[in-house]
Amino acid sequence: MRSILISLISVLSLSAWAGEWQNKPILCLDKQEILDKLKNNDTSLRGLYLRDNKIGDEGAIALAEALKKNTSLTELWLSSNQIGLEGAKALAEALKVNTSLTKLDLSGNQIGDAGAIAIADILSCLLYTSDA
């Protein structure tokens with residue numbers, strides 16, 4: 001099964017187009033289509049590249065809710081998206097139940113120490129649980 005890399009150019013308005021990015025298929029969708037694919041556990045969706053889209057806490061919270069239902073996404077790049085503490089906390093909560101995500105890029109956001117600790121706490125619990 002081919003993996004699909006979703007690349008958003010603008011969160012608010014997108015036109016669909018196809019091409020290649022680092023030898024991976026590209027499909028541009030609007031934000032609701034992405035959330036629907038995640039919530040409906042679309043197995044063709046393996047990676048999301050959402051760098052620099054200004055999704056903020058609101059977008060991170062919506063993604064986190066969708067991630068709670070998804071079991072196929074393995075990579076999520078959210079760098080430089082103005083995500084703060086609330087978005088980081090929501091993503092941390094999603095990591096409690098999402099077992100497929102293995103890569104999460106939150107670089108260039110404003111999650112702060114508290115957001116980093118929230119995610120680290122979840123990850124340490126998951127590591128402890130998987131070792132037991």
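Of the 132 residues in this protein, 42% count as buried. Keep in mind that you're looking at a predicted model.

Now trace the chain. You'll pass 4 helices and 6 strands, and along the sequence they come in the order β-β-β-α-β-α-β-α-β-α. What about contacts along the chain? Take those in the protein with a separation of 6 or more: 75% of them are between residues 24 or more positions apart.

Let's stop at helix α1, which covers residues 31-39. Which of its residues are buried? They are Ile34, Leu35 and Leu38. These three sit on the same side of α1, because they cover an arc of only 95° around the axis. Once α1 is done, the chain reaches Asn41, and here phi is positive, near 55°.

Further on, have a look at the loop between β4 (45-49) and α2 (56-67), where you'll find Asn53. Is Asn53 buried or exposed? With a relative accessible area of 8%, Asn53 falls under the 20% cut-off, so it counts as buried. And what does its side chain reach? Another is the backbone oxygen of Leu50, which lies 3.0 Å from a polar atom of the Asn53 side chain.

Methods: Residues numbered from 1 in each chain as written. Predicted model: local features only at pLDDT ≥ 70, side-chain atom pairs only at ≥ 80, totals over all residues. Heavy atoms only, no water. Helix = DSSP H or I, 4+ residues; strand = E, 2+ residues; numbered from the N terminus. Buried < 20%, exposed > 50% of the residue type's maximum accessible area, 1.4 Å probe, protein only. Contact = heavy atoms within 4.5 Å. Arc of directions from axis to C-beta. Polar contact = N/O pair within 3.5 Å; in protein donor to acceptor, adjacent residues only side chain to side chain.
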